[in-house]
Amino acid sequence: MKFARYEANGRSPQIGLVVDNELIDLSGVAPSMQAVINLSNEGMAMIAHHANRSQRIPLKDVKLLAPLLPRRNVMCLGKNYADHAREMQTTQDEPVELPKFPVIFTKATTSVSGPTDPIPFDPNVSEKMDYEVELAIIIGKQGKNIPAEQAMKFVFGYTVLNDVTARDLQRQGKQFFKGKSLDGCCPTGPWIVTRDEVPNSHDLEIRCLVNGKDMQASNTRHMIFDIPTTIAYLSRGMTLLPGDIIATGTPDGVGAARTPPQFLRPGDVLTSIVEGVGELRNVVTAV
Ligand code: MG
């Protein structure tokens with residue numbers, strides 16, 4: 001199933017089920033995406049039943065929003081594709097070294113935005129805005145010390161995420177947090193696709209385009225730490241909660257590693273695609 005959060009006819013945000021090019025309003029069944037994630041199997045069956053009897057709205061008549069507003073920071077993997085780790089270390093004149101453990105940082109909840117929201121550009125804050133297309137997973141149930149063999153059962157679904165980064169701020173200090181957390185710098189969506197609809201999340205084409213030109217093109221099979229390893233690592237001694245978002249890292253081709261570097265400018269159209277999950281289209285907009 002595909003679950004979206006949307007706005008139509010000036011009403012407050014609703015939750016809907018996406019079927020082909022239409023959307024089925026679930027507001028009578030699930031008041032929020034968190035409520036959908038918390039549903040039991042019976043609850044999911046109820047949604048399917050409800051969907052069969054409900055009116056459908058064409059997707060083109062609604063505005064899709066960030067599918068989930070997380071309760072805590074988005075957890076992210078850094079340097080999780082070897083080619084990206086290499087390109088970043090090379091441009092910073094650092095020795096090329098692949099991480100031995102997952103590199104984890106977070107993005108503020110307030111950075112999360114929707115699949116068509118503008119990416120704010122303020123030269124007084126940063127002139128080195130960069131893109132990072134990623135596959136994000138949504139945790140479906142609470143767990144601690146989850147063995148890798150059990151980990152996929154804790155995944156509710158997937159969404160596309162762009163870990164938009166202010167490179168100058170990222171490099172000012174020792175921590176990535178500030179440079180990763182500017183408002184509107186975590187476009188997500190266009191929906192959450194449930195795990196059963198993505199049979200192999202480690203074999204998905206992943207692409208990022210700027211103004212229609214391919215900048216990143218890879219496959220999720222090139223992750224250094226796969227999803228079960230990441231969940232096992234993160235959950236060791238630390239409880240994962242339903243609704244947690246984990247971004248699994250970006251492949252090579254980011255703007256900062258290009259010669260010359262190519263950062264985002266106002267008017268640029270950023271397209272982020274993960275095969276079988278969806279596509280984001282965000283325009284960089286001066287504020
Ligand atoms: Mg990233």
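Visitor: Which elements do the buried residues of α6 pack against?

Guide: This is a predicted model, in which local features need pLDDT of at least 70, side-chain atom pairs count only at pLDDT 80 or more, and totals for chains, interfaces and linings use all residues. Residues are numbered from 1 along each chain as its sequence is written, and side-chain values use heavy atoms, with hydrogens and water left out. Helix α6 (227-235) has 7 of its 9 residues buried, where buried means under 20% relative accessible area and exposed over 50%, with partly exposed in between (1.4 Å probe, protein chains only). Helices (H or I, at least four residues) and strands (E, at least two) are DSSP runs numbered from the N terminus, and the buried residues of α6 pack against β6 (74-78), β7 (103-107), β11, β12 and β17 (245-247).

Visitor: Which residues does M223 touch, not counting residues up to four places away in sequence?

Guide: M223 lies in the loop between β16 (213-219) and α6, and its relative accessible area of 9% makes it buried. With contact taken as heavy atoms within 4.5 Å, M223 touches N80, Y81, L135, H202 and T248.

Visitor: Which residues coordinate the magnesium ion?

Guide: Donors are N, O and S atoms within 2.8 Å of the metal (3.2 Å for Na, K and Ca); water is not among the atoms, so sites may look incomplete. The donors follow the spacing E-x1-E-x28-D along the chain. E132, in the loop between β10 (129-130) and β11 (133-139), and D163, in the loop between β12 (155-162) and β13 (165-166), are 31 residues apart, and both are buried. At 2.0 to 2.1 Å, the coordinating residues are E132 (OE), E134 (OE) and D163 (OD).

Visitor: Which exposed residues does α2 carry on the face turned away from its buried side?

Guide: In α2, the residues G43, M44, I47, H50 and A51 are buried. They cover an arc of only 120° around the axis, taken from the directions from the helix axis to the C-beta atoms, so they lie on the same side of α2. The face turned away carries the exposed residues N41, E42, N52 and R53.

Visitor: Over the ring of which residue does the charged end of K141 sit?

Guide: A charge sits over a ring if NZ of Lys or CZ of Arg is within 6 Å of the ring centre and within 35 degrees of the ring normal. The charged end of K141 is 4.8 Å from the centre of the ring of F154.
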